[in-house]
Amino acid sequence: MTDFPKFVEFREEGPREGFQIESKTYPIEQRIELIDMLSDTGLKRIQVGSFVSPRYVPQMADTGELFQHIKRKPGVKYTSLWLNEKGFRKALTAHEVDIDPRLLFYPSEAFAQANNNCSSAEMRERQREWVRLYKEAGYTVDAAYVMTAFGCNLEGPIPQERVLEDFRFVLRLCEEEQIPVPILVIADTMGWGNPEAVKRMVGALRELAPGARIGMHLHDTRGLGIANIHAALSMGVDMFESSVAGLGGCPFAGHGNARAAGNVCTEDAVFLCHELGIETGIDLDKLIAAAVKAEEIIGAPLMGRVMHSGGLDKFRKAK
């Protein structure tokens with residue numbers, strides 16, 4: 001028995017996660033054009049870039065400039081990523097960034113060191129400081145992410161209990177700080193998940209936090225991304241982070257091939273929802289056009305399927 005939601009929110013990460021893993025930096029004018037096209041699709045949240053060390057992620061060094069030149073559409077939030085207080089302060093002072101307060105947890109010790117240069121325990125304790133930092137700036141935590149939720153290329157399988165313990169910490173922290181429970185995001189950072197594992201994890205998290213909204217950040221590294229989306233939809237998950245054309249991947253995740261590291265493809269996931277009768281508020285044809293533009297910018301075939309085949313509406317009308 002399935003429990004599909006009536007409406008699903010997609011949060012677009014292609015402009016940030018899509019370009020951070022590439023070996024070169026693409027012209028800012030091209031990335032602005034892609035963001036502007038995405039703004040016109042019906043997406044309500046687009047992650048423009050990240051405020052992180054240009055030494056380690058030089059592809060994101062011009063994020064501040066990106067925010068100065070994109071054409072903002074009313075009703076769309078233009079967000080960024082940061083991994084520490086310095087990055088958050090940069091986001092606060094940059095041009096019209098829609099602050100997206102988040103908490104980050106690493107059940108993988110190896111990935112914590114690779115991505116944040118600290119231990120899992122240290123990162124967990126830093127989240128207390130982040131909550132207070134957000135409060136001081138007038139913001140409430142929007143989402144809490146537990147990364148490498150199914151497995152880690154650097155460390156191996158991640159036990160479900162270790163993931164749930166991080167979510168328990170989130171719930172305790174919210175109670176201590178007297179803040180609402182944020183969206184609890186299960187992040188399959190390196191594409192280890194499968195449909196049954198997704199169902200088990202979502203089910204366990206629902207038992208732990210019955211009233212919480214659950215989201216997922218899924219990668220299609222090994223071809224199970226859409227199957228995992230379907231499994232999550234069947235469990236009532238109604239928020240997904242995805243990337244246009246299947247762009248994306250963490251540059252510190254130990255992937256053998258960057259092109260295979262991508263997030264679940266936004267237009268493929270939107271097509272799935274529409275075929276299941278689930279509303280998204282997104283114009284699939286405009287999203288496909290943005291995906292084609294992304295492929296044009298990268299200059300190599302990307303992993304999306306619907307961007308190459310198109311949807312079914314034109315064929316249904318032809319009959």
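Biologist: Is strand 8 mostly covered or mostly open, and how many of its residues are buried?
Modeller: Strand 8, residues 183-188, is mostly covered, with six of its six residues buried. Buried means under 20% relative accessible area, exposed is over 50%, and partly exposed is in between, using a 1.4 Å probe on protein chains only. Strands here are DSSP runs of E with at least two residues, helices are runs of H or I with at least four, and both are numbered from the N terminus.

Biologist: What kind of model is this, and how are residues numbered?
Modeller: It's a predicted model, where local features need pLDDT of at least 70, side-chain atom pairs count only at pLDDT 80 or more, and totals for chains, interfaces and linings use all residues. Residues are numbered from 1 along each chain as its sequence is written, and side-chain values use heavy atoms, leaving out hydrogens and water.

Biologist: Back to the strand: which residues sit on each side?
Modeller: I183, V185 and A187 are on one side, L184, I186 and D188 on the other, and all of them are buried. In a regular strand, side chains alternate between the two faces of the sheet.

Biologist: Which strands does strand 8 pair with?
Modeller: Strand 5 (residues 143-146) runs parallel to strand 8 and is joined to it by four bridges. Strand 9 (residues 214-218) is also parallel to strand 8, with five bridges between them. Pairing takes at least two DSSP bridges between two strands.

Biologist: Which residues are opposite each other?
Modeller: A143 has I183 in strand 8 as its bridge partner, and D188 stands opposite L218 in strand 9. From strand 8 the chain goes through helix 8 (residues 195-208) to strand 9, a right-handed β-α-β crossover. Right-handed means that, with the strands pointing away from the viewer, the path from the first strand over the helix to the second runs clockwise.

Biologist: New topic: where's R172?
Modeller: R172 is in helix 7, residues 160-177. Its relative accessible area is 37%, so R172 counts as partly exposed.

Biologist: What does R172 touch?
Modeller: Skipping neighbours within four places in sequence, R172 contacts R124 and E165; contact means heavy atoms within 4.5 Å. The R172 and E165 side chains also make a polar contact at 3.3 Å. That term means an N or O pair within 3.5 Å; within protein, one atom must be able to donate a hydrogen and the other to accept it, and residues adjacent in sequence count only if both are side-chain atoms.

Biologist: And N116, buried or exposed?
Modeller: N116 has 10% relative accessibility, so it counts as buried. Its side chain makes a polar contact with the Y106 side chain at 3.0 Å.
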